[in-house]
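Open the model in your viewer and keep the sequence panel beside it. The tour moves from one selection to the next.

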Amino acid sequence: MRLEVVVLPVSDVDRARDFYKALGWRLDADFPVEDGYRVVQLTPPGSACSVIFGTGVTAAAPGSAQGLQLVVEDVNAARDELADRGAPVSEVFHDRTGVFHHAGEQARVSGPAQDRASYGSWVSFSDPDGNGWYAQYMADEAAGDTASA
């Protein structure tokens, strides 16, 4: 099994499409199937999993998707790129426990994890509806890269 698609609840389909396209995500589909039913799919660069949103796609409240995660090889570069592309992105942080991250902004410590190990450093951002994303640093273990956290 593999995760193929995550459904995002949005209030304005065009605004969401434009936001994710501005992040550099590939527009895979924009199907106005029928009145009241439209499906838009985009894929982050390098990802095998896409997001879908639209009209009549989900009954979930716009902005209710939280904790969506991207993996990056350089959290500082990812932060800069997200900011340059217009995303409201946090500073790099780590959790005070050193394990994953707490919900919301509780227990955030400014800066990368001290040991710069994979899974320890993060940035967060939200789409225009408030769907919450994290970009998590993961070293290229095969190359021994831990310098970019």
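Select histidine 101 and show what surrounds it: apart from neighbours within four places in sequence, histidine 101 is in contact with Gln69, Phe93, Asp95, Trp122 and Tyr134, where contact means heavy atoms within 4.5 Å. The loop that holds histidine 101 runs between strand E6 (93–95) and strand E7 (108–110). Helices (H or I, at least four residues) and strands (E, at least two) are DSSP runs, numbered from the N terminus. Is histidine 101 buried or exposed? Its relative accessibility is 12%, so histidine 101 counts as buried; buried means under 20% relative accessible area, exposed over 50%, and partly exposed in between (1.4 Å probe, protein chains only).

This is a predicted model, in which local features need pLDDT of at least 70 and side-chain atom pairs count only at pLDDT 80 or more, while totals for chains, interfaces and linings use all residues. Residues are numbered from 1 along each chain as its sequence is written, and side-chain values use heavy atoms, with hydrogens and water left out.

Next, select cysteine 49, in the loop between strand E3 (37–43) and strand E4 (50–55). Which residues does cysteine 49 touch, not counting those up to four places away in sequence? They are Leu3, Glu4, Val5, Val6, Thr43 and Pro44. Draw a distance from cysteine 49 to valine 5: the two are 44 residues apart in sequence, but 5.4 Å apart in space, C-alpha to C-alpha. Cysteine 49 counts as buried because its relative accessibility is 17%.

Now zoom out and colour by secondary structure. The chain has 2 helices and 9 strands, and along the sequence they follow the pattern β-α-β-β-β-β-α-β-β-β-β. The radius of gyration is 16 Å, close to the 15 Å that the globule rule gives for 149 residues, so the chain is as compact as a globular protein of that length. That radius is taken over C-alpha atoms, and the rule is 2.2 Å times the number of residues to the power 0.38. Of the 149 residues in the chain, 41% are buried. Among contacts with a separation of 6 or more, 55% are between residues 24 or more positions apart.

Finally, colour by pLDDT, the predictor's confidence in each residue, from 0 to 100. The chain has a mean pLDDT of 92, and 94% of its residues reach 70 or more. Select residues 142–147, where the pLDDT is below 50; this stretch has 8 contacts in the model beyond near neighbours in sequence.
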